[in-house]
Amino acid sequence: MRLVYYGTPALAVPPLERLVRDGRPPLLVVTRRDRPQGRGQRVGRSPVRESAEALGLPVSTPARAGAPEEIERVRALQPDLLVLVAYGQILPPALLSAAKLGALNVHFSLLPRHRGASPVQAALLAGDRETGVTTMWMTDGLDEGPVFLAAATPIGASENAGALGARLAELGAECLARSLDRIERGEIERREQDASRATYAPKIASGEGRLPADLGPEDLARRVRAFTPDPGAYFELLEGRLLVTEAEPGSLDGAGIAGAAAGEVRSVHRERGIEIALPKGSLWLRRVRPAGRREMSGFEYANGARLRPGARLPLVEAP
């Protein structure tokens with residue numbers, strides 16, 4: 001089968017590598033242009049570009065994949081199918097129809113739930129117990145196209161977005177391979193989505209990682225899981241940000257900690273970390289990274305900062 005592959009982040013690497021292992025190397029890999037990355041803002045290649053070049057595949061990094069000259073470039077390859085995995089741009093209908101069979105997208109949720117740019121994070125924020133991947137025929141609507149195949153998986157109780165995304169990337173590779181097997185056998189399926197059950201997962205901005213102290217402990221723990229590793233969940237302290245990489249709810253009853261100020265240390269435990277009081281209960285900070293320092297356990301942090309029960313973590317209220 002003649003394929004053109006569109007993808008950019010690390011999530012899109014396992015499906016690309018699976019195509020090559022299965023003897024379906026794409027004619028062309030299209031990915032986002034090199035851009036500044038990380039704290040140093042050094043210009044770097046996308047994970048898909050790095051993988052494709054290591055595999056010896058032709059790579060294109062157009063500024064706009066839907067530009068007329070790019071559409072002509074793809075048409076000239078006479079592909080049977082376009083495969084999209086978290087590419088990062090909306091493709092116009094003229095490009096989606098450039099391949100004989102159309103365009104198949106690997107989406108990291110069980111559609112129609114969590115359409116949009118952040119389905120992995122959305123599943124964690126919603127407290128879903130199950131998620132999955134879907135192969136879907138692309139249309140000009142946002143993840144609205146007919147479903148071809150889906151595969152479900154339970155979400156681990158302490159799984160964060162990084163770990164869950166890595167698992168879904170492997171599941172997506174398997175789901176894509178099974179979809180292509182069926183397409184090659186002529187077993188093409190197009191099941192319309194139930195739009196009444198659709199939910200949406202907008203792109204998460206970097207500033208959304210701040211943890212509002214007035215949320216309940218369960219919501220805060222979900223945010224920590226959803227925003228780890230990116231954009232990172234944090235409390236703003238007087239001395240700078242305290243990144244929280246692992247947390248769990250403590251008391252779920254604000255009345256049980258009546259009289260305690262937000263941020264007051266309730267307990268320090270070698271395994272569970274440091275428990276702080278909040279208006280609607282308490283939260284255990286299991287692992288943290290203080291500003292300018294390495295990641296450490298909550299217990300190490302409490303000892304280093306000399307935080308004992310009754311002391312207060314100096315939380316800064318959101319403006």
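Select R241 and Y234 to begin: the charged end of R241 sits over the ring of Y234, at 3.9 Å from the ring centre. The wording "sits over" applies when NZ of Lys or CZ of Arg is within 6 Å of the ring centre and within 35 degrees of the ring normal. Before moving on, note that this is a predicted model, in which local features need pLDDT of at least 70 and side-chain atom pairs count only at pLDDT 80 or more, while totals for chains, interfaces and linings use all residues. Residues are numbered from 1 along each chain as its sequence is written, and side-chain values use heavy atoms, with hydrogens and water left out.

Next, select R190 together with W137, where the charged end of R190 sits over the ring of W137, 4.1 Å from the centre of that ring.

**Zoom out to the whole chain**

Show the protein chain as a cartoon, and its secondary structure comes to eight helices and 17 strands; helices (H or I, at least four residues) and strands (E, at least two) are DSSP runs, numbered from the N terminus. The C-alpha atoms of the chain fill a box of roughly 70 × 45 × 35 Å, taken along the principal axes. Of the 319 residues of the chain, 48% count as buried, where buried means under 20% relative accessible area, exposed means over 50%, and partly exposed is in between, with a 1.4 Å probe and protein chains only. Among contacts between residues at least 6 apart in sequence, 64% join residues at least 24 apart, a contact being heavy atoms within 4.5 Å.

**An aromatic pair**

How many aromatic pairs does a search of the whole structure find? The search finds two, and the one to select here is Y6 with Y87, whose ring centres are 5.4 Å apart and whose planes are at 80 degrees, so the pair is edge-to-face. Rings of Phe, Tyr and Trp (its six-membered ring) pair if their centres lie within 6.5 Å, and planes under 30 degrees apart count as stacked, over 60 as edge-to-face and the rest as tilted. Because Y6 lies in strand β1 (residues 3-7) and Y87 in the loop between β6 (81-85) and α4 (93-96), the pair ties together parts that are 81 residues apart in sequence. Colour both by accessibility and you find that Y6 counts as buried at 1% relative accessibility, and that Y87 is buried too, with a relative accessible area of 4%.

**Helix α1 and what follows**

Now select helix α1 (residues 13-21), whose buried residues are V13, P14, P15, L16, R18 and L19. These buried residues pack against several elements, namely β1, β2 (28-30), α2 (47-54), β6 and α6 (161-184). Following α1 is G23, whose phi is positive, near 80 degrees.

Continue to L27, found in the loop between α1 and β2, which is partly exposed, with a relative accessible area of 27%. Leaving aside neighbours within four places in sequence, L27 is in contact with R2, L3, P58, L77 and P79.

Is S60 buried or exposed? At 4% relative accessibility, S60 counts as buried, and, not counting residues up to four places away in sequence, S60 touches L28, V29, V30, T31, E70 and R73.

**Backbone angles to inspect**

Most residues other than glycine have a negative phi, and most peptide bonds are trans. With that in mind, select H114, which has a positive phi of about 60 degrees although it is not a glycine. H114 lies in the loop between β7 (103-107) and β8 (115-116) and is buried, with a relative accessible area of 6%. Then select D143, also not a glycine, with a positive phi of about 55 degrees; D143 is found in the loop between β9 (130-137) and β10 (147-154), and at 10% relative accessibility D143 counts as buried.

For the last stop, select T228 and P229, which are joined by a cis peptide bond with omega of about 10 degrees. P229 has its place in the loop between α7 (217-226) and β12 (233-237). Moving along, the peptide bond from D230 to P231 is cis, with omega near 0 degrees, and P231 lies in the loop between α7 and β12.
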